[in-house]
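Me: I am new to this structure. Can you walk me through how to read it?

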Amino acid sequence: MAIQPWRKGIVTRIQDETHNIRRFWIKVPELDRFDFIPGQFVTLDLPIHEKMNKRWRSYSIASWPDGTNVFELLIVLLDQGAGTTYLFNHVHEGSELTFRGPQGVFTLPDPIEKDLYFISTGTGIAPFRAMTHHLLNNKIPHKNIYLIFGTRTKHDLLYFDELSRLQQEIENFHYLPTLSREKWNGCCGYVHEVYENLVHQKMNGDSELPPAHFYLCGWKNMIDEAKLRITKLGYDRKAIHLELYG
Ligand SMILES: Cc1cc2nc3c(=O)[nH]c(=O)nc-3n(C[C@H](O)[C@H](O)[C@H](O)COP(=O)(O)OP(=O)(O)OC[C@H]3O[C@@H](n4cnc5c(N)ncnc54)[C@H](O)[C@@H]3O)c2cc1C
């Protein structure tokens, strides 16, 4: 895939999603439409260091290709994080950003012939939101899709109403938000138990593994643990697709 040039983006809208997560909408004035494959990311060049490669921060595109030149990012403010502190304190509606992309190979299989497990915590939900809308908009045939999103409390749920609505609209799409620090009428605990239980239920005592792709997105701890547990279930490493945020 050819490396995309650096382009100018204009921030057209910013919205708080939780106390430390914001949605940023970015317009690309030099293009009529910004095309990408859902799951891909862009890299921002932020004025936070003299050395070029220390200024770069990547973000998954949280929106889906809609024929416009606007895309959305979902970003969490990290304690002492140079890039996110800049984005939260110095970037406003109307600010200019330099970015490159789309980039990345964290994309859906084509055709989709197996169940898909989308497993994420925090802003790692971004590429899965993009993929899910894309499947719906393009009526892409698929098997079961399990979107398992782990977070602490109801306050930290991202795109909750929207994803609950998609569950009604998309056949075989199962939205499974999972809370680790609050009891509620949805899934409780950590994401790992949720996919393990699903796989076991499907096996129903059988020894044959249900065919599946596991897509993991987010931070190292969750991804390392998931890789371990999925391979322990008996799946091949090739069934696991990763987007590691750090
Ligand atoms: C392909 C890809 C896609 C990504 N997509 C997203 C996304 O959609 N949304 C998202 O929120 N993130 C995403 N990320 C992560 C993102 O690129 C950044 O790594 C993240 O925003 C942190 O950047 P930062 O500059 O704020 O933190 P950095 O300055 O790079 O710091 C990283 C960590 O080190 C800690 N740290 C920094 N300075 C210090 C210090 N002096 N002492 C102690 N600790 C320190 C910070 O607390 C932070 O935890 C993605 C990453 C990749 C690779």
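Me: How many residues are in the hairpin that joins S1 to S2?

Reply: Keep in mind that this is a predicted model. The hairpin links S1 to S2 through 4 residues. The two strands, S1 (residues 6-16) and S2 (residues 21-27), run antiparallel and are joined by 6 bridges.

Me: Which residue in S2 stands opposite Ile14?

Reply: Phe24 of S2 does. Phe24 also has a bridge partner in S5, namely Leu73. S2 and S5 (residues 70-76) run antiparallel, with 7 bridges between them.

Me: How do side chains sit along a strand?

Reply: In a regular strand they alternate between the two faces of the sheet.

Me: Which residues are closest to the ligand?

Reply: They are Ser60, Gly81, Gly83, Thr84 and Thr123, out of 20 residues that surround the ligand. Strand S4 (56-60), S5 and helix H1 (82-90) each give two or more residues to this shell. S4 gives the most, with 4 residues. By class, the shell holds 9 nonpolar, 8 polar and 3 charged residues.

Me: Is Leu198 buried, exposed or partly exposed?

Reply: Count its neighbours. Leu198 is partly exposed because 19 other C-beta atoms lie within 10 Å, and a buried residue needs 20 or more. Leu198 belongs to helix H4 (residues 191-203).

Me: How many residues apart in sequence are Leu198 and Val11?

Reply: They are 187 residues apart in sequence, and 40 Å apart in space, C-alpha to C-alpha.

How values were computed:
Residues are numbered from 1 along each chain as its sequence is written. This is a predicted model: local features need pLDDT of at least 70, side-chain atom pairs count only at pLDDT 80 or more; totals for chains, interfaces and linings use all residues. A residue is buried if 20 or more other C-beta atoms lie within 10 Å of its own, exposed if 12 or fewer, and partly exposed in between; C-beta atoms are placed from the backbone. Two strands pair if DSSP finds at least two bridges between them. A residue is near a molecule or strand if its C-beta atom, placed from the backbone, lies within 6 Å of it. Ala, Val, Leu, Ile, Met, Phe, Trp, Tyr, Cys and Pro count as nonpolar, Asp, Glu, Lys and Arg as charged, and the others, Gly among them, as polar.
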